[in-house]
Amino acid sequence: MISITEWQKIGVGITGFGIFFILFGILLYFDSVLLAFGNRHKLRGTSFFLGGVAIVLLRWPLLGMLLETYGFFSLFKGFFPVAFGFLGNTTNIPFLSALFQRFQGTSSMV
């Protein structure tokens, strides 16, 4: 019989949780109500991103990547100020902190 160490038991447990959450996320991702609710006001960005993927698959990689990039920025334009604000507050480097706060759009000197 093979002996299993405590670390292997922990690894199997964490792997099991990971597989469960991946499958649960895929299940929720394909829920039509959640898809319609989440992408109702982001239809243009979603269409550009998926159109770019289709163009890449049709062997026009440069045009497809440009469309994907535009779609990505269109989808996540509301998230970028939040991310830059978080990075500006967590970094202790003055130059980076000022740069991230400028990208965030605030003039707070706190």
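In which helix is Ser74 found? In this predicted model, Ser74 belongs to helix α4, which covers residues 61-75. With a relative accessibility of 15%, Ser74 counts as buried, since the cut-off for that class is under 20%. Leaving aside residues up to four places away in sequence, Ser74 touches Arg44 and Gly45.

**Overall architecture**

The protein chain contains six helices and zero strands, and its pattern along the sequence reads α-α-α-α-α-α. Its radius of gyration is 21 Å, well over the 13 Å that the globule rule gives for 110 residues, so the chain is more spread out than a compact globule. The C-alpha trace spans about 65 × 45 × 30 Å along its principal axes.

Of the 110 residues, 12% are buried. Among contacts with a separation of 6 or more, 18% are accounted for by residues 24 or more positions apart. The accessible surface of the chain amounts to about 9,400 Å², and carbon and sulfur atoms contribute 76% of that area.

**Annotated segments**

An unreviewed UniProt entry carries the annotation "transmembrane region" for residues 12-36, 48-67 and 79-100. Two of these segments can be described from the model. Over residues 12-36 the chain is 92% helix and 0% strand, with the end C-alpha atoms 36 Å apart. Over residues 79-100 the chain is 82% helix and 0% strand, and here the end C-alpha atoms are 13 Å apart.

**Helix α1 and its salt bridge**

Helix α1 comprises residues 6-29. Side chains of opposite charge can pair when their charged atoms come close. In this chain the count comes to one salt bridge, in which the side chains of Glu6 and Lys9 meet at 3.5 Å, N to O. Glu6 and Lys9 are separated by about one helical turn, because they are three residues apart in helix α1. Glu6 is exposed, with a relative accessible area of 52%, while Lys9 is partly exposed at 47%.

Ile10 also lies in helix α1 and is partly exposed, with a relative accessible area of 45%. From Ile10 to Phe24 there are 14 residues in sequence and 21 Å in space, C-alpha to C-alpha.

**Aromatic pairs**

The count of aromatic pairs comes to nine. One of them joins Phe73 and Phe80, whose ring centres are 5.6 Å apart and whose planes meet at 50 degrees, so the pair is tilted. Phe73 is partly exposed at 45% relative accessibility, and Phe80 is partly exposed at 23%. Both residues are part of one aromatic cluster formed by Phe72, Phe73, Phe76, Phe80 and Phe84.

**Accessibility of the residues discussed**

| Residue | Relative accessible area | Class |
|---|---|---|
| Glu6 | 52% | exposed |
| Lys9 | 47% | partly exposed |
| Ile10 | 45% | partly exposed |
| Phe73 | 45% | partly exposed |
| Phe80 | 23% | partly exposed |
| Ser74 | 15% | buried |

Terms used. Residues are numbered from 1 along each chain as its sequence is written. This is a predicted model: local features need pLDDT of at least 70, side-chain atom pairs count only at pLDDT 80 or more; totals for chains, interfaces and linings use all residues. Side-chain values use heavy atoms; hydrogens and water are left out. UniProt positions are given in the numbering used here, feature names are shortened, and annotations may be inferred rather than shown by experiment. Helices (H or I, at least four residues) and strands (E, at least two) are DSSP runs, numbered from the N terminus. The radius of gyration is taken over C-alpha atoms; the globule rule is 2.2 Å times the number of residues to the power 0.38. Buried means under 20% relative accessible area, exposed over 50%, partly exposed in between (1.4 Å probe, protein chains only). Contact means heavy atoms within 4.5 Å. Accessible areas come from the Shrake-Rupley method with a 1.4 Å probe; for residues, only the protein chains shown count as cover. A salt bridge is a side-chain nitrogen of Lys or Arg within 4 Å of a carboxyl oxygen of Asp or Glu. Rings of Phe, Tyr and Trp (its six-membered ring) pair if their centres lie within 6.5 Å; planes under 30 degrees apart count as stacked, over 60 as edge-to-face and the rest as tilted.
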